[in-house]
Amino acid sequence: MAASRFSETPKATRAVKALLFDLDGTLAETDSLHFPLWAELLGGHGVEVDWEFYQERVSGRLNPDIVAELLPCVPRSETEILLQNKEDEFRRRATELAPLPGLMRVLEESRRLGFATALVTNAPEENAHAMTGALGLEDFFDVEVLAGELSAGKPDPLAYGTALRRLGIGPEAALAFEDSSSGIASAVGAGITTVGIASTHEPQTLLAAGASYTYPDFDSPELRALIFG
């Protein structure tokens, strides 16, 4: 069932011309892959990682920020190797991924109607390409904004501001989809109405972060009404 801070069925938000998507947890559920890999990496250095810790301190954040905070005494050269090994294993497992329910229907309808699309992610470039390849979306997005090419990643608004600039639209013409508090903060900070996809975080957490609506996935008539009218 869809969760919303509004009691009525949502209407299309103004004249939506572009859909901006996060990657991990938004296009596909990936925490089932990332969580055990992070638990192993951090656990090897004495940091115990349970699900709550992962959601609060790891999910949605940039890899360098995670290790800088949680492994401050580990040399950078060593953390770079640890992260490379972790992401190599993630990419090997990425072939298991499937689109969230309803996603392909939304993407196909948006293409038919001529909506612009953007991928906006904190994921490393190799991960982003591995995931879009596994999901069959390699050539779908008009614009890709990767954190590695920017001076700041999410929760900074720069990522979504960059997507808007590359698409040549204002925030009032866009709708963003995010699954984490940091991603929502980034999109909302850029002035974009944001839908929280509660694939791993509770709807209340996403609403508190600034999402205007939340849904468990894309398989909802209310969500399609919000997007397409």
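**View 1. Thr162 sits in helix α7, residues 158–167.** Helices here are DSSP runs of H or I with at least four residues, strands are runs of E with at least two, and both are numbered from the N terminus. Thr162 is buried, at a relative accessible area of 1% (buried is under 20%, exposed over 50%, partly exposed in between, with a 1.4 Å probe and protein chains only). Skipping neighbours within four places in sequence, Thr162 is in contact with Val145 and Leu150 (contact is heavy atoms within 4.5 Å). Glu144, 18 residues away in sequence, has its C-alpha 9.7 Å from that of Thr162.

This is a predicted model, so local features need pLDDT of at least 70 and side-chain atom pairs pLDDT 80 or more, while totals for chains, interfaces and linings use all residues. Numbering runs from 1 along each chain as its sequence is written, and side-chain values use heavy atoms, leaving out hydrogens and water.

**View 2. Helix α5 has a buried side and an exposed side.** Leu103, Val106, Leu107 and Ser110 are the buried ones. They span an arc of only 95° around the axis, so they end up on the same side of α5 (the arc is taken from the directions from the helix axis to the C-beta atoms). An α-helix has 3.6 residues a turn, so residues three or four places apart point the same way. Over on the other side of α5, Arg105, Glu108 and Arg112 are exposed. The buried set packs against β2, β3 (116–121) and α10. After α5 comes Gly114, with a positive phi near 80°.

**View 3. The largest nonpolar core holds 35 residues.** A nonpolar core is a set of buried Ala, Val, Leu, Ile, Met, Phe, Trp, Tyr and Cys residues joined through side-chain atoms within 4.5 Å. Leu19, Phe21, Leu27, Phe177, Val195 and Phe218 touch the most other members. Elements giving at least two residues each include β2 (18–21), α1 (31–43), β5 (174–178) and α10 (221–228). Apart from this core lies another, of 18 residues, among them Leu20, Val120, Leu167 and Ala174.

**View 4. The largest cavity takes up about 310 Å³.** A cavity is a set of points, on a 1 Å grid over the protein atoms alone, where a 1.4 Å probe fits but cannot get out; lining residues have an atom within 4 Å of a point. Points join across faces, edges and corners, and volume is the space filled by probe spheres set on them. Of 27 lining residues, Asp24, His34, Ser59, Gly60 and Arg61 are closest to the centre. Helix α1 gives the largest share of the lining, three residues.

Definitions and conventions. On a 1 Å grid over the protein atoms alone, a cavity is a set of points where a 1.4 Å probe fits but cannot get out, and a pocket is an open set with protein on both sides within 12 Å along at least five of seven lines; lining residues have an atom within 4 Å of a point.
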